[in-house]
Amino acid sequence: ARDRKFTWEISYQHKSLDCYKKLAVAINGLTPGPTISAEQGDRIIVNVTNNLFMENVAIHWHGIRQRGTPWSDGTDGVSQCAIMPGETYTYEFVVDRAGTFMYHSHYGLQREAGLYGLITVSLPVGVSEPFSYDFDREIILSDWYHNTTYETATDLASIPFLWVGEPQSLLINGRGNYSCSGLAASVCNSTNPECLPSNLTVISGKTYRLRIASLTSLSALSFQIEDHEMTVVEADGHYVEPFVVNNLYIYSGETYSVLVTANQNSSRNYWTTINVVSRQPNTPNGIAIFNYDPIDYQKLPPTNPPPGPLWNDTKSQVNQSRAIKARQGFIVTPPKKPDRVIVLLNTQNTIDGYVRWSLNNVSHTLPSTPLLIAIKENMTGVFDPNPPPDDNDSANYDIYSVANNTNSVSSSSIYRLQFNSTVDIILQNANTMTANVSESHPWHLHGHDFWVLGYGEGKFNLSRDTETYNLADPIMKNTVPLHPYGWTALRFKADNPGVWLFHCHIEAHFFLGMLVVFESGVEQVGDIPLSNYGCGQTKSFIKP
Ligand SMILES: O=C1O[C@H]([C@@H](O)CO)C(O)=C1O
């Protein structure tokens, strides 16, 4: 194991990622940011300097559990005081497991301005993967808005509520193509090389491992390569019992590795496409070129890009979720029974006229003093000490009717989990405030991986549905979809001392309160670096 040091300067830059010029957040000039490549067991040290002039920064290392370093989780309001303009902060953590992970901003809506990238962790020398391939390639999927994050945040927090809406473009490795017609070339120029379709160049007969990460703000996606099947082998850093797909559904915050062999007619190029699913799309599909060497990588394929699956084919999405199992020989079996069951009813509602998202009628508001420091230092008055409910009469809630939730509250209350206990989470979906609409939500847990015990349709029934749990070969993940009008059941061990977010990875939904906070074993947390302090009530701990 070795130290890998990075020096990052965060700044706004004019970018034309989809041909339309806007300000994007860049790392050392790059949007998306550089990939962090490391070997299992390495220590990653990232020196981050915030040169944004007017905006704080915090960077979350998504999928890295931060065992022993909960203060490096990079979450504003939870693990640290965000890095102020002009300041430098050092993240230090160990990547203890091989796989494909990601990093992204966890400050306000900043992720959607482009602050994200990949982390790839290889196995130690001498250990091999349970599958083989010739080359390793990276694919970052994202969606792109032309509004600034300032406009979006203000809109979401206004009466009347102004929804951010569907993105203008979908990006593959940071490239999209917005239609510039009617716009001045200084604003939108479709011949700008910055927005040429990205290409994946392959050699006929070779097999490629594609490490795919979704960093969308909103969109659930389907990814496919025209005429090429893909074998799914990894999900969120865990080996998957291999299965073959024509299209891969991928939700924000998820990573997958797929194997694809360049086994088609090598005298032409093919399309790589992404399209929006789970929400009625209003965004053109994203395209890239699957390029057979030595054909010109910009030569367009002779066909029309495949349209991808229908956006509302929920059944095929649920089926693919269910197909993801732990690989034989790599199964970690979960504890047989939970110590505690928390049912989280997901609803959209209004509080004092503001549109919010709630769990069990509680819409979370993060305090300005980071919770990890507040609990570690025994501060009072930072968060509501009354625990939120483990269930809020979900058995009697009609998930098919338009949500009214007249009793919803905004609160900073947190779940305190007994250290080392086994916790089940049942995510229960419901109708939004719009008739006949239930949206999908990708749920992400910080600090842990969980077992995915099952997905179901309709209302979860504790005595009936727990019998259907997959305790034999459940996949472990850190992000999982909750499908429309359905439920998703998870189990995890609260074995990582710290304070950890569990939230919808749709950035606007997180902003509107769709999160819960788990605390466990904070008394075991070592000394938190003083550089995490400085905001809210932590100010008084900085001695002159
Ligand atoms: O939070 C959301 O608000 C809109 C819609 O429900 C109201 O405009 C939407 O699609 C969301 O996901």
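Predicted model: local features only at pLDDT ≥ 70, side-chain atom pairs only at ≥ 80, totals over all residues.

Me: What kind of peptide bond leads from Asp 293 into Pro 294, cis or trans?
Reply: That bond is cis, with omega near 5 degrees. There's also a cis bond from Ile 159 to Pro 160, where omega is near -5 degrees.

Me: And where does Pro 160 lie?
Reply: Pro 160 is in the loop between α1 and β10 (169-172).

Me: You mentioned α2. Which of its residues are buried?
Reply: In α2, which covers residues 314-323, the buried ones are Gln 317, Val 318 and Ser 321. Looking down the helix axis, they fall within an arc of 95 degrees, so they line one face of α2.

Me: Which residues are exposed on the other side of α2?
Reply: Lys 315 and Asn 319 are exposed there.

Me: What covers the buried residues of α2?
Reply: The cover includes several strands: β16 (247-250), β18 (270-277), β27 (450-457), β29 (479-482) and β30 (486-493).

Me: How about α1, which residues are buried there?
Reply: Thr 149, Thr 152 and Leu 156 are the buried residues of α1. Seen down the axis of α1, they fall within an arc of 60 degrees, so they line one face too. What covers them includes α5 (507-511).

Me: Zooming out, what domains does the assignment give?
Reply: The domain assignment gives domain 1 (3-323) and domain 2 (340-540). Their C-alpha centres lie 25 Å apart.

Me: How many residues from each domain take part in the contact?
Reply: Domain 1 puts in 42 residues and domain 2 puts in 48 residues. On the domain 1 side, α1 (149-156), β15 (238-245) and α2 each supply at least two residues. The largest share of that side comes from α2, with five residues.

Me: What about the largest nonpolar core, how many residues does it have?
Reply: It has 151 residues, and the ones with the most contacts inside it are Leu 141, Ile 212, Val 258 and Val 517. Domain 1 and domain 2 both give residues to this core, so it lies between them.

Me: Pick Val 258. What does it touch?
Reply: Leaving out residues up to four places away in sequence, Val 258 touches Leu 210, Ile 212, Met 230, Thr 231, Val 232, Val 233 and Leu 248.

Me: Switching to Val 423: buried or exposed?
Reply: Val 423 counts as buried, because it has 22 C-beta neighbours inside 10 Å. Val 423 is in strand β25 (residues 422-428). If you skip residues up to four places away in sequence, its contacts include Pro 338, Ile 342, Leu 417 and Phe 492.

Me: Where does Phe 492 lie, then?
Reply: Phe 492 is in strand β30. Phe 492 is buried as well, with 25 other C-beta atoms within 10 Å. Besides Val 423, Phe 492 touches Leu 445, His 448 and Phe 450, again not counting residues up to four places away in sequence.

Me: What about phi at Asp 236?
Reply: Asp 236 also isn't a glycine, and its phi is positive, about 45 degrees. You'll find Asp 236 in the loop between β14 (230-235) and β15. Asp 236 is buried, with 27 other C-beta atoms within 10 Å.

Me: Last topic: which residues are around the ligand?
Reply: Those are Trp 163, Gln 348, Thr 432, Thr 434 and Glu 439. By class, that shell has one nonpolar, three polar and one charged residues.

Note on methods. Residues numbered from 1 in each chain as written. Core = buried A, V, L, I, M, F, W, Y, C linked by C-beta atoms within 7 Å. Buried ≥ 20, exposed ≤ 12 C-beta atoms within 10 Å, placed from the backbone. Domains from an automatic or database assignment. Contact = placed C-beta atoms within 7 Å. Near = placed C-beta within 6 Å. Nonpolar A, V, L, I, M, F, W, Y, C, P; charged D, E, K, R; others polar. Helix = DSSP H or I, 4+ residues; strand = E, 2+ residues; numbered from the N terminus. Arc of directions from axis to C-beta.
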